[in-house]
Amino acid sequence: CVMYDDSTEMERVKPATRDRPPAVVLSQMAQVMPDLAAHGVEYQQALTRQASAKVAFEREKAKALVSLVDEYKRAGDRLPAEDVRNALTMDEIEEYYVPLLAADADVVGLKAVLDVEKSLLMGLQSELRVLREEVA
């Protein structure tokens with residue numbers, strides 16, 4: 001995973017200047033594009049993991065809530081408020097909640113990386129456009 005906020009990585013992609021030949025800009029674009037493509041694939045995989053984790057969590061949460069309702073009905077007790085019911089079932093479903101949080105964090109992190117890479121690529125494309133206009 002290549003991060004572009006790292007100082008060594010930023011050395012690879014220099015800021016725009018008018019004295020750089022288009023070949024240099026094209027070379028830098030060629031360096032960024034494979035990372036962008038790879039992170040796009042990782043992002044799609046993270047979205048799939050997130051969806052699976054959410055389905056598993058929601059399924060187990062529903063089971064735990066049904067079990068809690070049955071327990072209260074058998075005891076003849078009144079059901080507690082929804083937030084209390086959720087709190088009471090959290091221990092049972094924690095093993096499904098942690099992977100959901102991890103999947104959510106992966107999606108957010110990869111989205112941020114993709115946004116940086118897309119911005120970098122768009123900046124290089126703009127620079128290339130300016131350089132080409134100067135030549136024309």
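The protein contains three helices and zero strands. The model is a predicted one, and along the sequence its elements follow the pattern α-α-α. Of the 136 residues in the protein, 26% are buried.

The description begins with helix H2. This helix covers residues 22–75. Its 54 residues should span 80 Å at 1.5 Å a residue, and the end C-alpha atoms of H2 lie 77 Å apart, which agrees with that expectation. Just after H2 comes Gly76, which takes a positive phi of about 75 degrees.

Helix H3 covers residues 82–135. A straight helix of 54 residues would span 80 Å at 1.5 Å a residue, but the end C-alpha atoms of H3 are separated by only 67 Å. Helix H3 also has a kink of about 75 degrees, and this kink is centred on Ile93.

The relation between these two helices can now be considered. Two packed helices are described by the angle between their axes and by the distance between those axes. For H2 and H3, the axes come within 7 Å and cross at roughly 165 degrees. Angles over 145 degrees count as roughly antiparallel, and H2 and H3 are therefore roughly antiparallel to each other. The crossing of H2 and H3 is left-handed. The residues of the contact of H2 with H3 divide into 33 nonpolar, seven polar and 15 charged.

Two residues of H2 illustrate this arrangement at the level of the chain. Ala56 lies in helix H2. Residues under 20% relative accessible area are classed as buried, so Ala56, at 14% relative accessibility, counts as buried. The C-alpha atom of Ala56 is separated by 6.6 Å from that of Tyr96, although Ala56 and Tyr96 are 40 residues apart along the chain.

Leu47 also has its place in helix H2. With a relative accessible area of 27%, Leu47 is partly exposed, because that class runs between the 20% limit for buried residues and the 50% limit for exposed ones. The C-alpha atoms of Leu47 and Ala103 are separated by 7.8 Å, while Leu47 and Ala103 stand 56 residues apart along the chain.

Definitions and conventions:
Residues are numbered from 1 along each chain as its sequence is written. This is a predicted model: local features need pLDDT of at least 70, side-chain atom pairs count only at pLDDT 80 or more; totals for chains, interfaces and linings use all residues. Side-chain values use heavy atoms; hydrogens and water are left out. Axes are lines fitted to C-alpha atoms, for helices over the stretch in contact, and angles run from 0 to 180 degrees between N-to-C directions. Helices (H or I, at least four residues) and strands (E, at least two) are DSSP runs, numbered from the N terminus. Angles under 35 degrees count as roughly parallel, over 145 as roughly antiparallel, 65 to 115 as roughly perpendicular and the rest as oblique. A crossing is left-handed if the near helix is turned anticlockwise from the far one by less than a right angle, and right-handed if clockwise. Ala, Val, Leu, Ile, Met, Phe, Trp, Tyr, Cys and Pro count as nonpolar, Asp, Glu, Lys and Arg as charged, and the others, Gly among them, as polar. The expected span of a helix is 1.5 Å times one less than its number of residues. The bend at a residue is the angle between axes fitted to the seven residues ending there and the seven starting there. Buried means under 20% relative accessible area, exposed over 50%, partly exposed in between (1.4 Å probe, protein chains only).
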